[in-house]
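Subject: Structure handover

Hi,

Here is the structure I promised. My notes follow below it.

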Amino acid sequence: MAKKLVSLENIVFKYEGQTRNAVDHVSFDIYEGEWLALVGHNGSGKSTLAKLLNGLQFPQEGSILVNGTELTEETVWEARSKIGMVFQNPDNQFVGATVQDDVAFGLENAGIPLPEMVKRVQNALNKVKMGSFLNQEPHHLSGGQKQRVAIAGVIALQPDLIILDEATSMLDPRGREEVLETVRELKEENLLTVISITHDLEEAAKADRMIVMNEGKLYRQGIPTDIFQMEGELIELGLDIPFSVKLSKEFKEHGIGLVKSHLTEEELVRELCELHSKM
Amino acid sequence: MLDKMILGRYVPVDSTVHKLDPRSKLLLVFLFVCIIFLANNLVTYGLVGLFTLLLLMLSKIPIRFLYNGLKPILFLIVFTFILHILFTKEGELLYKLGWLEIYDGGLRQGLFISLRFTFLILVTSLLTLTTNPISITDGMETLLHPFKKWKLPVHELSLMMSIALRFIPTLMEETDKIMKAQMARGVDFTSGPLKERIKAIIPLLVPLFVSAFKRAEELAIAMEARGYRGGEGRTKYRQLKWQTADTLLMLSLVVLTIFLVLLRS
């Protein structure tokens, strides 16, 4: 098994003035190089977990280890340099006046010298295919482009882990695909670890591993194929399963001889084709 | 529409003045405002006028934009001119018609004051017309740097200003959206008596404020997540370059000042 990058041990977190724990005795590990999807309905504690991982909030109980060091007030800046975050609203995380200023913002904070900064800004923007937009102002960009700039801002800092906190939920289907494709490419290239917090199960289906959260508790973890087996339970939790999984199940119930379970449309189509040519 | 009002000030043309360092342009405006008071006769006003004209020509800004800058205070200029003509009774009497008496001193004073106004407005609007707001912010930050000793939060001020500038279009868009949403619900922004129209602004302002605060909070979290912890130990991506042209501009100002001091009466 790959190396543990982050591990959470028995985390408890409660927002002030609330009776219920937002995160309730949660433990899990994040391994180097994996794509982990964190799913759950609104208020299940998944976004709170992201804030805890980045030290924007601290747990009341339990501990978070990043590369073996415990995340505390003292080590939080060190951890933040290793964990990049992309948030939901593309506009509210764009700090700079232009694309290049925004990517440079994180580098400026880290005190990177100018020549190095110029190189990294250009590199990061090339990687997200925004290299020709250096001087563009944010209000001239689409949501997907803004999110790609935000990703460039994160990877310019060369983190080990990138957290997408519902980063695609405000985008149109094309923007969503653009952003996910970019992250996927980056992950392959740099062995980046990705945590995507989402309620888009089509997106989660493509992850290496899934964690289902419910009312602050870790409900289930496993590979997507296994998770989607518990169809009824997922729907009870306020989650829906991807269309292709549903369809493939229906096919099986109607006695059409499919063997595998299908997470994506392509897989389903392929097996249907094979089946058809055999008949 | 609203967008043009504030941001339409900057006219991106390729010219010598555009390429000047924002610091030298800021200094120019500041010093110009001071030395223009040295001018007090025809020759000195002529010199200042020549200097202004030269800058305007170098900036390649179309006259239309300069006129737009002058328009709001055109009334003030004409008004002071007329006041001086009517009420300054110095020098020789030039013209008399009933109670109306025009003295040469009044004419001269009126002319000078209006010229002073015009030159001041032209040079200050030249700054905003040829420099984009972000560069002005950068220039201010560097120029104000010495005041850090006296606990002036220079870095924070300039960051605030640049974030404010960056969010103007975003908030404009939002205003537009809320306006349309409220119009769809029957709010009338454009007609009715003034009192009603002012009242109609409230359902626009309240949601706008709520969302602006929400944005501010999210932005603060995003900034913190990206490692922002104040100006300490921060490097700067935007660099200002002081060039020969900037030195020349400053020198020309010095020369102008010397001439003004020598030639004023």
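Predicted model: local features only at pLDDT ≥ 70, side-chain atom pairs only at ≥ 80, totals over all residues.

Strand β1 (residues 4-13) of chain A pairs with strand β4 (residues 61-66) of chain A. The sense is antiparallel, over five bridges. In that pairing, A:S7 stands opposite A:L65 of β4(A).

Strand β5 (residues 69-70) of chain A pairs with β4(A) in the antiparallel sense, over two bridges. There, A:V66 has A:T69 in β5(A) as its bridge partner. β4(A) and β5(A) make a hairpin, with two residues between them. A:N67 sits in the turn and has a positive phi of about 50°.

Next, β8(A). Strand β8 covers residues 193-198 of chain A, and six of its six residues are buried. Which residues lie on each face of β8(A)? One side carries A:T193, A:I195 and A:I197. The other carries A:V194, A:S196 and A:T198. Both faces are covered.

β8(A) pairs with strand β3 (residues 35-39) of chain A, in the parallel sense and over five bridges. A:L38 stands opposite A:I197 of β8(A). Strand β7 (residues 161-165) of chain A also runs parallel to β8(A), joined to it by five bridges. Here A:I163 stands opposite A:I195. Both of these β8(A) residues, A:I195 and A:I197, are buried on one side of the strand.

Now chain A as a whole. Chain A has eleven helices and ten strands. Its radius of gyration is 20 Å, close to the 19 Å that the globule rule gives for 279 residues, so chain A is as compact as a globular protein of that length. Along the principal axes, the C-alpha atoms of chain A fill a box of roughly 65 × 45 × 35 Å. Buried residues account for 46% of the 279 residues in chain A. Take the contacts in chain A between residues at least 6 apart in sequence: 66% of them join residues at least 24 apart.

Eight residues of domain 1 of chain A are in contact with seven residues of domain 2 of chain A. On the domain 1 side, α7 (201-205) and α8 (224-227) of chain A each supply at least two residues. α7(A) gives the most to that side, with three residues. By class, the domain 1 side of this contact in chain A has five nonpolar, one polar and two charged residues.

Domain 1 of chain B is 2-131 + 241-263, and domain 2 of chain B is 146-225. Taken over C-alpha atoms, 34 Å separate the centres of these two domains of chain B.

The unreviewed UniProt entry lists "transmembrane region" for residues 26-58, 65-87, 107-130 and 244-263 of chain B. I have figures for two of these segments. Residues 65-87 of chain B are 100% helix and 0% strand in the model, with the end C-alpha atoms 34 Å apart. Residues 244-263 of chain B are also 100% helix and 0% strand, with the end C-alpha atoms 28 Å apart.

One residue to look at in chain B is B:T118. B:T118 lies in helix α6 (residues 104-130) of chain B. Why does B:T118 count as partly exposed? B:T118 has 16 C-beta neighbours inside 10 Å, and the partly exposed class lies between 12 or fewer for exposed and 20 or more for buried. Leaving out residues up to four places away in sequence, B:T118 touches B:L70 and B:I77. B:T118 and B:I77 are 41 residues apart along the chain, and their C-alpha atoms are separated by 7.7 Å.

Best wishes

Methods. Residues numbered from 1 in each chain as written. Chains lettered and ligands numbered in written order. Contact = placed C-beta atoms within 7 Å. Helix = DSSP H or I, 4+ residues; strand = E, 2+ residues; numbered from the N terminus. Nonpolar A, V, L, I, M, F, W, Y, C, P; charged D, E, K, R; others polar. Pairing = 2+ DSSP bridges. UniProt positions renumbered as here; feature names shortened; annotations may be inferred. Rg over C-alpha atoms; globule rule 2.2 N^0.38 Å. Domains from an automatic or database assignment.
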